[in-house]
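Keep the model open as you read.

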Amino acid sequence: MDLRYSTSTADVLRSGNNKIAADTKFNGEVENLSTVNTLITAIADYTLDEHWGATLSVPYLSRTHSHNLGPYNINGVSAGVETFSAKSIGDIKIVGRYRFALNDSNGVGFKLGVKLNTGRKNFTLNTGVLPNEVTLQPGNGSTDLIVGGFWQNATPGTALSWFAQGLLQQSIASDPSFTPGYQINVDAGGRYAVNKALSALLQVNVQLNGQDSGSSAALTPSSSNSTGGQLISVTPGISVAITPGTNIYSLIQLPVYQFVNGEQLTASMGFTAGINHRF
């Protein structure tokens with residue numbers, strides 16, 4: 001069992017890989033200002049035997065968002081800021097796995113699962129209307145297929161262990177007005193046991209997001225698609241054993257490369273803390 005808390009604040013407007021300033025002084029279109037994401041995820045992982053296992057992930061999402069209304073100034077009067085707030089269970093994931101044991105310390109395997117259409121999709125802005133941005137909602141309305149593979153190396157008696165994983169998430173059923181783009185995640189890293197209680201963690205995370213499609217996909221004022229992009233991060237952290245079988249951990253995700261299509265808000269860092277217990 002694992003319970004984790006993650007948070008990030010997207011308040012840096014970016015076009016391509018360049019930071020840009022929101023135009024809030026002159027007449028124009030809506031400019032996004034900030035999106036604060038807080039996620040509490042309960043994860044249950046069950047290992048049937050040395051080969052088969054499955055993971056159930058249930059997220060609870062809290063999100064706030066604000067953007068300037070456009071035109072920004074009407075006869076010298078500011079048009080104001082529109083806000084959005086949502087708190088709800090998000091889209092649940094169920095992923096099974098099969099592991100081939102190469103030897104006592106190495107294993108490779110594959111994963112196959114699904115993201116369910118369980119998150120709410122009807123939270124409104126402070127004005128009482130649905131936001132144009134479907135991705136602000138806890139659920140995006142799609143059912144996705146998840147496929148991937150992994151490799152693990154943990155030699156008994158040594159302080160260092162390694163892992164690598166690649167996953168593809170692709171929509172297989174969605175509303176005609178909005179189909180999310182594919183998502184590819186590649187993660188690799190290691191754990192170093194400093195002593196019996198303390199371990200140092202380090203990961204490199206790569207995320208590739210395809211562009212969303214449909215009439216509700218986000219657009220820039222110039223009507224170009226403002227979804228999808230690439231993110232490369234370095235994620236250091238620590239893990240501490242507090243009782244036999246129970247660990248607490250924390251991670252800081254630091255982007256080293258960000259590229260977005262159109263204009264999008266990006267985050268300067270992300271933070272995760274959690275606790276897990278093995279039965």
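Which residue in strand 7 stands opposite S62? The residue is K87. Before going further, some ground rules. This is a predicted model, in which local features need pLDDT of at least 70, side-chain atom pairs count only at pLDDT 80 or more, and totals for chains, interfaces and linings use all residues. Residues are numbered from 1 along each chain as its sequence is written, and side-chain values use heavy atoms, with hydrogens and water left out.

Start with confidence. The protein chain has an average pLDDT (the predictor's confidence in each residue, from 0 to 100) of 91. A score of at least 70 is reached by 92% of the residues. Strands here are DSSP runs (E, at least two residues), numbered from the N terminus. Strand 5, residues 73-74, has the lowest confidence, with a mean of 58. Strand 13, residues 198-209, has the highest, at 98.

Now return to strand 4, residues 52-68. Two strands pair if DSSP finds at least two bridges between them. Strand 4 runs antiparallel to strand 7 (residues 81-89), and nine bridges join them. Strand 4 also runs antiparallel to strand 8 (residues 93-101), with six bridges. There, L56 has I94 as its bridge partner.

Next, find strand 15, residues 246-277. Strand 1 (residues 2-16) pairs with strand 15 in the antiparallel sense, over 13 bridges. L3 stands opposite I275. Strand 14 (residues 229-243) is also an antiparallel partner of strand 15, over 12 bridges. S233 has P255 as its bridge partner.

Finally, look at the turn. Strands 14 and 15 form a hairpin, with two residues between them. In this turn, G245 has a positive phi of about 90°.

Terms used. Helices (H or I, at least four residues) and strands (E, at least two) are DSSP runs, numbered from the N terminus.
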